[in-house]
Amino acid sequence: MSIINLKGKVAVVTGASQGLGEALAKRLDEEGCKVAVCDINYDGAKSVASSLKEGMALAVDVTKFDQLQAAAKQVIDKWGQVDILISNAAIVKSGDIYSLSPEAFALVTNINLNGYFNTVKAFAPYMLERKSGSIIQINSKSGKKGSYKNGAYASSKFGGVGLTQSLALEFAEHGVRVNCICPGNLLNSPLWVNSLFKQYAANQGITEEQVREKYINQVPMKRSCEYKDIEDVMVFLASDYASYMTGQSINVTGGQQM
């Protein structure tokens, strides 16, 4: 039983129809939050929301500000407030300077960085009005250091750290905190198992098994980052226990990034 009390808080999670976003939404539900599950995959969002004690599903493309505005209004109309905003929606398109197209670079930036900005712009006014709230971007260790043949993703995540710090300064005197979580590699997640191992094996000229071994060997604790590792830090940052923390980018990397 958690000593942190989030019971009755209203939480919004983007990119929450599967994977890490789904895990974060379910953990917030376990902590007693009402949870708005936002995703471009509306069927997936509905499935996750239906598994929660008090959830709602919203069809949201984070690159479309008008959709986020509409989603924010629906949350306010239903629950009257927003206490916790988790900006999680993101994609990865890897490749070196020769193979990565300008269109792929722009798509990654549009979702990962512009989408974060759009999400905060839509929901933050309701938090600022109440002078209360915690905004958390799910960033990456790639927001702290360059990523080999993965420049689009790293660039978008570096931008997220800068935006987080800037928003934290802007909101600090208005009771709204803004922080990042920077996870390590989620090697057991569907994203890695179904996509990234294949992408990285292809662009690095090694096998998928060698990709896994390479990334495990980079971690001093010699294990993959897991959803729970991120969930625990999210719950802390969302709570009053982190009331004096804003503008931070917290590494959850098993020592890989310090």
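Trainee: Is Asp232 buried, exposed or partly exposed?

Mentor: Asp232 is partly exposed, with a relative accessible area of 32%. Buried means under 20% relative accessible area, exposed over 50%, and partly exposed in between (1.4 Å probe, protein chains only). This is a predicted model, where local features need pLDDT of at least 70 and side-chain atom pairs pLDDT 80 or more, while totals for chains, interfaces and linings use all residues. Residues are numbered from 1 along each chain as its sequence is written, and side-chain values use heavy atoms, leaving out hydrogens and water.

Trainee: Which residue forms a salt bridge with Asp232?

Mentor: Lys228 does, with the closest N and O atoms 2.8 Å apart. A salt bridge here is a side-chain nitrogen of Lys or Arg within 4 Å of a carboxyl oxygen of Asp or Glu. Helices (H or I, at least four residues) and strands (E, at least two) are DSSP runs, numbered from the N terminus.

Trainee: And what about Glu231 and Arg27?

Mentor: Their side chains meet in a salt bridge at 3.2 Å, N to O. Glu231 is in α8 (residues 227–238) and Arg27 in α1 (residues 19–30), so the pair ties together parts 204 residues apart in sequence. Both Glu231 and Arg27 are buried.
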